[in-house]
Amino acid sequence: STFSASISACEKGCEWTRALDLMAQMRQAEIARDVIIFSAAISACAKVGQWKHALGLLVSMQADKVVANAHTYSAAISACEKSEQWQQALGLLAKMQEAEVAPNVVTYSAAISACEKSCQWRQAVLLVAEMRKAGSIPDVIAYSAVMSACQKCEEWQHALSLLKAMKQSALMPNLFTYSAVISVCERCCEWMRVLALLDE
């Protein structure tokens with residue numbers, strides 16, 4: 001439909017206010033709003049960190065009896081991540097699981113990043129463990145976010161442990177990953193650990 005195409009264009013152009021206006025017009029005109037349209041509008045809000053509006057759209061979905069999918073929840077969690085709303089992000093992850101919608105790597109990575117930005121390293125580490133338990137293999141982005149959280153909180157032992165787990169998963173650490181681990185070891189005066197990493 002014209003509305004669907006317009007909201008999709010708003011998502012790509014980060015025109016979140018326009019997307020919300022179009023959603024309101026659809027409601028007033030009693031035009032059915034499906035999961036694709038809601039997800040696009042939530043994603044438009046997510047790109048600019050408008051987490052309250054993103055969560056408001058999730059509530060509207062329930063009122064419209066539209067079932068949210070993994071993409072919908074991922075977009076909402078991403079909105080929380082950009083605004084450092086880690087508790088909201090974890091709350092959405094819990095709601096998602098209650099609704100029996102399986103989180104994917106994108107969902108977990110957004111939640112981990114939300115924790116990282118708020119220095120919630122323990123929560124970030126727990127999410128990586130939860131990912132593995134759920135059969136969702138953490139990628140380089142997820143590991144890098146957790147290591148960044150460990151770096152901020154000077155948790156060098158956990159950072160090294162995660163680096164080891166990453167290699168055991170046959171994932172190649174990138175420059176950002178190594179920089180985070182080397183930085184936290186350096187800050188904690190673990191010079192031998194830094195030298196060992198540089199020799200790898």
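Trainee: Which side chains meet D64 or R33 in a salt bridge, and at what N to O distance?

Mentor: A salt bridge here is a side-chain nitrogen of Lys or Arg within 4 Å of a carboxyl oxygen of Asp or Glu, and in this structure the side chains of D64 and R33 meet in one at 2.9 Å, N to O. This is a predicted model, in which local features need pLDDT of at least 70 and side-chain atom pairs count only at pLDDT 80 or more, while totals for chains, interfaces and linings use all residues. Residues are numbered from 1 along each chain as its sequence is written, and side-chain values use heavy atoms, with hydrogens and water left out.

Trainee: Where do D64 and R33 lie?

Mentor: Helices are DSSP runs of H or I with at least four residues, strands are runs of E with at least two, and both are numbered from the N terminus. D64 lies in the loop between α4 (51-63) and α5 (70-82), and R33 in the loop between α2 (16-28) and α3 (35-47), so the pair ties together parts that are 31 residues apart in sequence.

Trainee: Is R33 buried or exposed?

Mentor: Buried means under 20% relative accessible area, exposed over 50%, and partly exposed in between, with a 1.4 Å probe and protein chains only; R33 is buried at 7%, whereas D64 is partly exposed at 34%.

Trainee: How many salt bridges does a search of the whole structure find?

Mentor: The search finds three, among them that of K117 with E81, whose closest N and O atoms are 2.7 Å apart. K117 lies in helix α7 (residues 105-117) and E81 in helix α5, so this pair ties together parts 36 residues apart in sequence.
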